[in-house]
Structures are given as structure tokens and as C-alpha cells.
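Me: I would like to go through this model and ask what lies behind the labels. Please set each value against its definition.

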Amino acid sequence: MTEQMMNTPQHEADRLDEAGIPPMQLHHIGFKTARFLEMRAFYRTFLGVTPSLEVEGIGGFYTFDLAHHRLVLFHDPACIEQVPASAGMHHVAFIYSIDDLMRTYQRLKHKGLLPYMAMNHGPNTSFYYRDPDNNALELQVDNYGPDLLKGLEAMRALQQCSNPVEALGVMVNPETFLKAWQEGATLTELHERSYAGEFAEGTPSIPI
């Protein structure tokens with residue numbers, strides 16, 4: 001193919017159709033809610049967000065870093081309750097270091113907020129919460145730390161699992177997991193021990 005052909009608008013369109021251009025990162029999430037004040041209070045506790053802009057009757061924009069906003073709450077008094085069988089977003093996930101995840105668990109517990117489930121999925125260990133509108137929220141640590149390739153390889157390896165339920169991961173009791181961390185267990189040790197089922201006692205069945 002000549003350089004002239006490669007620079008034609010049609011060639012450029014064909015090239016752009018080959019694959020999507022990935023974003024640099026996920027920037028923010030937005031929720032519509034009839035419980036604006038309750039949701040606002042929850043997320044200020046849960047994520048430690050602060051308001052960057054609030055408009056009476058409309059909602060607010062909130063952040064936990066230098067981005068102008070990471071969370072939007074749109075106030076709509078006409079919102080109805082979620083219908084469990086309806087399609088839509090399943091959950092939102094936030095990543096932490098193991099130390100910050102454990103400190104966050106303790107801080108939220110002190111505020112009366114407890115996870116409804118915790119699991120070691122293999123590539124990551126996650127604590128799951130719900131906000132006042134019943135949105136599922138995941139606080140996770142990557143079990144291989146900053147080595148994203150190892151986590152990707154671990155995820156792909158799950159494709160070979162003959163039992164799809166087992167591929168979901170192993171349930172974790174947050175209290176015994178916390179105790180091991182307090183006793184000095186490293187991220188690698190916590191991953192290996194929880195994936196072997198050491199912290200599964202007292203947990204509910206794996207959800208299907």
C-alpha cells in the first residue's frame with residue numbers, strides 16, 4: 001500500500017474501526033437518587049469525598065483527590081426503588097493498598113458500616129458494601145500488588161477452571177483476615193492463606 005493510499009480518509013476510517021482507543025482511566029461515577037442527603041452523607045463517610053460543587057435542587061459533584069470530581073449525585077425526588085431483576089450496573093470498584101483496605105474496613109466498622117460479603121477472587125480480594133440506594137460497592141486490593149500482568153495472567157487462568165462456582169473465588173471472613181494482617185501477614189501471605197480457605201469459617205455460601 002502506498003503512502004498516499006494510507007493517508008486517505010477511507011484508510012483512516014478503516015484503521016480506527018480496527019479497535020477501540022482505550023481511555024487513560026475511569027474518571028468518575030454518577031448516581032441518580034431520591035435520597036440525596038442520605039447518599040451525600042454516606043459517600044462522605046465511605047470514600048471520604050468532599051464537595052467541589054453543589055447546586056440546590058440539582059445535586060453535587062464530589063472528589064477524593066485533585067480531580068474536579070470523582071462522584072456525582074443527581075437529586076431526583078421522582079426516583080423509584082431499584083428493581084432487582086432489571087438490567088443495569090452491577091457494582092462499582094475502588095482499589096486500595098492492603099494496609100489502606102484494612103484501615104478502611106476498621107474505620108467503616110467503627111461508623112457502623114460492614115461489608116455484606118468478602119471474597120478472594122484470585123487476582124484480587126474484595127470487600128463488598130451497599131449504599132443507601134442499594135448500589136453495590138467493592139473495595140479491593142490487587143493480590144499481586146502493582147504487577148498488573150500477574151493479575152491478568154491469574155484471571156485468564158481461571159478460564160480453565162472446570163467448576164465455574166470455584167472460579168468466583170473463596171469467601172473471606174473480614175475479622176479473621178484483619179487479625180492475620182494485624183499479626184503482620186504480608187499481602188502475599190494473606191492472599192495465599194485466604195485462597196486456601198483459612199479465613200472462610202463463618203462466611204455465607206458463595207453467591208451464584
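Me: What makes I98, F177, A180, W181, A185 and F199 contacts of L190?
Reply: A contact requires heavy atoms within 4.5 Å. Leaving aside neighbours within four places in sequence, L190 meets that with I98, F177, A180, W181, A185 and F199. The model is predicted: local features need pLDDT of at least 70, side-chain atom pairs count only at pLDDT 80 or more, and totals for chains, interfaces and linings use all residues. Residues are numbered from 1 along each chain as its sequence is written, and side-chain values use heavy atoms, with hydrogens and water left out.

Me: Why is L190 called buried?
Reply: Buried means under 20% relative accessible area, exposed over 50%, and partly exposed in between (1.4 Å probe, protein chains only). L190 has 0% relative accessibility, so it counts as buried. L190 sits in helix α8, residues 187-195.

Me: What makes a run of residues a helix or a strand?
Reply: Both are DSSP runs numbered from the N terminus: a helix is H or I over at least four residues, a strand is E over at least two. By that rule the protein has 8 helices and 9 strands.

Me: Why is T33 called buried, and where is T33 placed?
Reply: T33 is at 0% relative accessibility and therefore counts as buried. Its place is in strand β1, residues 29-33. Leaving aside neighbours within four places, T33 is in contact with M39, F74, H75, D76, C79 and D133.

Me: How do you know that the side chain of T33 has a polar contact with the backbone nitrogen of R35?
Reply: A polar contact is a pair of N or O atoms within 3.5 Å; within protein, one must be able to donate a hydrogen and the other to accept it, and residues adjacent in sequence count only if both atoms are side-chain atoms. A polar atom of the T33 side chain lies 2.8 Å from the backbone nitrogen of R35.

Me: What does the side chain of R70 reach, and at what distance?
Reply: The R70 side chain reaches the backbone oxygen of H27 at 2.9 Å. R70 belongs to the loop between β3 (59-63) and β4 (71-75).

Me: Is R70 buried or exposed, and why?
Reply: R70 has a relative accessible area of 13%, so R70 is buried. Not counting residues up to four places away in sequence, R70 touches several residues, including Q25, L26, H27, H28 and Y62.

Me: Why is Y62 called buried?
Reply: Its relative accessibility is 1%, so Y62 counts as buried. Y62 is in strand β3. Beyond four places in sequence, Y62 touches a set of residues, among them F36, R40, V49, H69 and R70. The C-alpha atoms of Y62 and R44 are separated by 8.7 Å, and these residues are 18 apart along the chain.

Me: Why is L114 called exposed?
Reply: L114 is at 51% relative accessibility, so L114 counts as exposed. L114 lies in the loop between α4 (98-110) and β6 (117-120). Leaving aside neighbours within four places, L114 is in contact with Y105, K109 and Y129. The C-alpha atoms of L114 and Y129 are 6.9 Å apart, at a sequence distance of 15 residues.

Me: Why is N134 called partly exposed?
Reply: The relative accessible area of N134 is 40%, so N134 is partly exposed. N134 lies in the loop between β7 (124-130) and β8 (136-142). Phi of N134 is near 75°, a positive value in a residue other than glycine.

Me: What is the radius of gyration set against?
Reply: The radius is taken over C-alpha atoms, and the globule rule is 2.2 Å times the number of residues to the power 0.38. For 208 residues a compact globule would be near 17 Å, but the protein has 21 Å. The C-alpha trace spans about 65 × 50 × 35 Å along its principal axes.

Me: How much of the protein is buried?
Reply: Buried residues make up 35% of the 208 residues.
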